[in-house]
Amino acid sequence: MPWILKKECIACKKCVKRCPADAISMSKGKAVIDDHMCIYCGKCVKVCPVHAVLKDKEKVELDVETNIRSFRKKMKKHKGPAPKSRMLKGELKLLERQKKIIQGTIKELRRF
Ligand code: SF4
Ligand code: SF4
């Protein structure tokens, strides 16, 4: 599944023309992928001249970095080791819950 980094998109529309599934359109001067139309061919990744279309793996790495940065920011607001440790536990619980929801959804979808 490709992802578009909006801030990098220069609106050249090459990906729109190249997409065989009509899954990409322009919105507010940026390319947007319709997840429901995409057939995961990867042509948009190859055609983009400014590397604004990311592969799944790249997007995952980027999101992990963003999450860690945001968590570090939150941690800075809490003074002392005890609140920080509680916060970390809370964050991990939240992520575990989200993981279970996603895993449960994937399991059910695989039965379709
Ligand atoms: S991966 Fe293929 S189908 Fe999906 S948006 Fe890119 S060009 Fe279109
Ligand atoms: S090819 Fe890249 S720069 Fe051009 S419209 Fe698509 S995402 Fe934007």
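Start at ligand 2: select the 14 residues around it, of which Cys9, Cys12, Cys15, Ala31 and Cys48 come nearest. A residue counts as near a molecule if its C-beta atom, placed from the backbone, lies within 6 Å of it. This is a predicted model, in which local features need pLDDT of at least 70 and side-chain atom pairs count only at pLDDT 80 or more, while totals for chains, interfaces and linings use all residues. Residues are numbered from 1 along each chain as its sequence is written, and chains are lettered from A and ligands numbered from 1 in the order in which they are written.

**The two ligand shells**

Colour the shell of ligand 2 by residue class. Twelve residues are nonpolar, none is polar and two are charged. Here Ala, Val, Leu, Ile, Met, Phe, Trp, Tyr, Cys and Pro are nonpolar, Asp, Glu, Lys and Arg are charged, and the others, Gly among them, are polar.

Move to ligand 1. It too has 14 residues around it, with Cys19, Cys38, Cys41, Lys43 and Cys44 closest. This shell splits into eleven nonpolar, one polar and two charged residues.

**The core**

Select Ile4, Cys15, Cys19, Ala23, Ile24, Ala31, Cys44, Cys48, Ala52 and Val53. These ten residues form the largest nonpolar core. Such a core is a set of buried Ala, Val, Leu, Ile, Met, Phe, Trp, Tyr and Cys residues joined through C-beta atoms within 7 Å. Buried means 20 or more other C-beta atoms within 10 Å of the residue's own, exposed means 12 or fewer, and partly exposed lies in between, with C-beta atoms placed from the backbone.

Now centre on Ile4. Leaving out residues up to four places away in sequence, Ile4 touches Cys9, Ala31, Val32, Ile33, Ala52 and Val53. A contact needs C-beta atoms, placed from the backbone, within 7 Å.

**Loops and lysines**

Go to Lys6, in the loop between strand E1 (3-4) and helix H1 (14-18). Helices (H or I, at least four residues) and strands (E, at least two) are DSSP runs, numbered from the N terminus. Lys6 is partly exposed because 13 other C-beta atoms lie within 10 Å. Draw a distance to Asp22: the two C-alpha atoms are 19 Å apart, at 16 residues along the chain.

Stay in the loop between E1 and H1 and pick Ala11. Its phi is positive, about 60°, although Ala11 is not a glycine. Ala11 is exposed, with 12 other C-beta atoms within 10 Å.

Step into helix H1 for Lys17. Lys17 counts as exposed, having 9 C-beta neighbours inside 10 Å. From Lys17 to Lys73, 56 residues apart along the chain, the C-alpha distance is 41 Å.

Jump to Tyr40, in the loop between strand E3 (30-33) and helix H2 (43-47). Tyr40 also has a positive phi, near 60°, without being glycine. With 10 other C-beta atoms within 10 Å, Tyr40 is exposed.

**The whole chain**

Zoom out and switch to cartoon. The protein chain has four helices and four strands, in the order β-α-β-β-α-β-α-α. Its radius of gyration is 19 Å, well over the 13 Å that the globule rule gives for 112 residues, so the chain is more spread out than a compact globule. The radius is taken over C-alpha atoms, and the rule is 2.2 Å times the number of residues to the power 0.38. The C-alpha trace spans about 55 × 40 × 20 Å along its principal axes. Of the 112 residues, 10% count as buried.

Finish by colouring domain 1 (3-57) and domain 2 (78-112). Their bounds come from an automatic or database domain assignment. The domain centres, taken over C-alpha atoms, are 30 Å apart.

Technical notes: Contact = placed C-beta atoms within 7 Å.
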